[in-house]
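Please look over the sequence and the structure shown here before reading on. The briefing that follows goes through the model topic by topic.

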Amino acid sequence: RIADISFEGAGCAISQASTSVMTQRLKGKTVAEAEALFGRFKDIVTQGTPDEEDLDLSAFAGVHQFPARIKCATLGWHAALQAIHGEAATVTTE
């Protein structure tokens with residue numbers, strides 16, 4: 001389980017908000033649960049389909065209208081998953 005998670009960084013409002021929500025949502029989750037949550041979040045921001053049961057993540061549904069901003073919304077998530085898996089390489093949103 002993810003016992004503790006935080007971030008320190010600078011970026012646009014979308015990346016900061018998304019990463020803040022992510023830290024709240026991932027604490028206490030298993031790796032599999034974190035990966036599944038990221039999958040749901042990625043679907044929301046890429047397809048624009050909100051999850052009516054998850055208003056925190058659904059707040060980012062409008063990001064899909066701005067494809068260049070999807071990378072902003074998912075960067076923190078990519079970094080967290082890479083850290084969870086112990087990968088030290090530079091994080092990419094590709």
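Are Phe41 and Phe60 buried or exposed? Phe41 is buried, and Phe60 is buried as well, where buried means under 20% relative accessible area, exposed means over 50%, and partly exposed covers what lies in between, all with a 1.4 Å probe and protein chains only. This is a predicted model, in which local features need pLDDT of at least 70 and side-chain atom pairs count only at pLDDT 80 or more, while totals for chains, interfaces and linings use all residues. Residues are numbered from 1 along each chain as its sequence is written, and side-chain values use heavy atoms, with hydrogens and water left out.

**Aromatic rings**

- A search of the whole structure finds 3 aromatic pairs, a pair being two rings of Phe, Tyr or Trp (its six-membered ring) with centres within 6.5 Å, counted as stacked if the planes are under 30 degrees apart, edge-to-face if over 60, and tilted for the rest.
- The pair of Phe41 and Phe60 is edge-to-face, because the ring centres are 5.5 Å apart and the planes stand at 75°.
- Since Phe41 lies in helix H2 and Phe60 in the loop between helix H3 (55-58) and H4, this pair ties together parts that are 19 residues apart in sequence; helices here are DSSP runs (H or I, at least four residues), as strands are (E, at least two), numbered from the N terminus.
- Ring pairs link Phe38, Phe41, Phe60 and Trp77 into a cluster.
- Phe38 is found in helix H2, and Phe38 counts as buried because its relative accessible area is 10%.
- Not counting residues up to four places away in sequence, Phe38 touches Thr74, Trp77, His78 and Leu81, where contact means heavy atoms within 4.5 Å.
- Phe38 and Ala68, which are 30 residues apart in sequence, lie 18 Å apart in space from C-alpha to C-alpha.

**The nonpolar core**

- In soluble globular proteins, nonpolar side chains tend to be buried together.
- The largest nonpolar core holds 20 residues, of which Leu26, Phe41, Val45, Leu57 and Trp77 touch the most other members; such a core is a set of buried Ala, Val, Leu, Ile, Met, Phe, Trp, Tyr and Cys residues joined through side-chain atoms within 4.5 Å.
- H1, helix H2 (31-47) and H4 each supply at least two residues of this core, and H2 gives the most, with 6 residues.
- Leaving out residues up to four places away in sequence, Leu26 touches Ile2, Ile5, Ala34, Leu37, Trp77 and Ala80.

**The largest pocket**

- About 170 Å³ of space lies in the largest pocket, and 13 residues line this pocket, those closest to its centre being Phe7, Gln16, Thr19, Leu75 and Gly76.
- On a 1 Å grid over the protein atoms alone, a pocket is an open set of points with protein on both sides within 12 Å along at least five of seven lines, unlike a cavity, where a 1.4 Å probe fits but cannot get out, and lining residues have an atom within 4 Å of a point.
- Grid points are joined across faces, edges and corners, and the volume is the space filled by probe spheres set on the points.
- Helix H1 (13-26) and helix H4 (67-84) are the elements that give two or more residues to the lining of the largest pocket.
- The lining of the largest pocket divides into 5 nonpolar, 7 polar and 1 charged residues, with Ala, Val, Leu, Ile, Met, Phe, Trp, Tyr, Cys and Pro counted as nonpolar, Asp, Glu, Lys and Arg as charged, and the others, Gly among them, as polar.
- Thr19 is found in helix H1 and is buried, with a relative accessible area of 7%.
- Thr19 touches Phe7 and Gly76, when residues up to four places away in sequence are not counted.

**Residues with higher accessibility values**

- Ala3 lies in the segment before H1 and counts as exposed because its relative accessibility is 70%.
- Lys27 has its place in the loop between H1 and H2 and counts as partly exposed, at 46% relative accessibility.
- The C-alpha atoms of Lys27 and Ala3, 24 residues apart along the chain, are separated by 6.0 Å.
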